[in-house]
Amino acid sequence: MTAVLAYAAAQAKAPLAPYTLTRRAPGPEDVEIDVLFCGVCHSDVHQARAEWGGGLFPMVPGHEIVGRVRRTGGAVRRFQPGQAVGVGCIVDSCRQCASCGEGLEQYCERGFVGTYNGREYSGEPTYGGYSQRIVVKQDYVLSIPQNLDLAATAPLLCAGITTWSPLRHWKVGPGQTVGVVGLGGLGHMGVKLAKALGARVVLFTTSERKRADGLRLGADEVVLSTDPVQMKAQRNRLDFILNTVAAAHDLNAFTALLRRGGTMTLVGVPEKDHPALKVGGLIFKRAALAGSLIGGIAETQEMLDFCGAHGIVSDIELIPIQAINEAYDRMVRSEVKYRFVIDLASLSG
């Protein structure tokens, strides 16, 4: 067992503060990782502040982890000391259900083990990447392409795979027109990935100030979703909509934009339910409303390899761990372009 420095919320809504946790020694199948960078996901705020229900405290958030292998167990063959690796939202799953068998561990029927605010099947709590070190079973560790900036790669482990998984499942590609709703940590990755997959991308935002940035990131069009004239011009145009907004809003305004047979997929989880959906908007176009949750280990590796091949990383603001509480408040106010990433070297300082 090893004592490791970290930052934790002692209880719901408490500011994060220095904390010392204990990591297990690596077993035969384990990889011990020195954490270099950890992205700050909006779900970190929701969970540390218990906005999604009860949490396990003290809580050490962080599931967008990039680091280097420190040492490995005797049965590990795919990873070597010094290698750049990543850990996302999942550190274990049952490996027996149909979902796990299909490489879709995020839908594990027993429930996957979250990187933090979860429990190992042994009952021990999990602690995330706001820490110096983490120990993870080799099957849940990912290889990082050598050409990618490590700090800017960290958000790919959640924001990247959360947008990649639905884009791939609904076969987004050339010849399609894809809408991305919201330009934040998820939305900016949705724009980059959909464009790289060959689709025509229409970004929807409530802020005119984000128009130039949307175009810079790769959108072909930027639509102000509060303007009825601009929204009307998009009706029946979109093959697929990736809705990244994590606040309650009118879904009917966007289902109206789908072509016959189109799908809108939600990846943002709001604190309160969306207003009632008018089902006629789906029925009369054979349209669909769907949801999607992160991704399995195999498709996360696929996403990382794709990003390596296309030079795609997140737009980030690098911060010391001591600025995490300010970063949480700024993120709630949407004052980041587009993902905070913690430099864990600051923890020992």
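I call a residue buried under 20% relative accessible area, exposed over 50% and partly exposed in between, with a 1.4 Å probe and protein chains only. This is a predicted model, so I keep local features at pLDDT of at least 70 and side-chain atom pairs at pLDDT 80 or more, while totals for chains, interfaces and linings use all residues. Residues are numbered from 1 along each chain as its sequence is written, and side-chain values use heavy atoms, without hydrogens and water.

**Threonine 263**

I looked up threonine 263 and found it buried, at a relative accessible area of 8%. Threonine 263 lies in strand S14, residues 258-266; strands are DSSP runs of E, at least two residues, numbered from the N terminus. Leaving out residues up to four places away in sequence, threonine 263 touches Trp170, Asp239, Phe240, Ile241, Leu258, Ala288 and Ala290. Contact here means heavy atoms within 4.5 Å.

Cysteine 94 is buried, at 14% relative accessibility. Cysteine 158 is in no disulfide either, with the nearest cysteine sulfur, that of cysteine 89, 3.9 Å away. Cysteine 158 is also buried, with a relative accessible area of 6%.

Technical notes. Helices (H or I, at least four residues) and strands (E, at least two) are DSSP runs, numbered from the N terminus. A disulfide is a pair of cysteine sulfur atoms within 2.5 Å.
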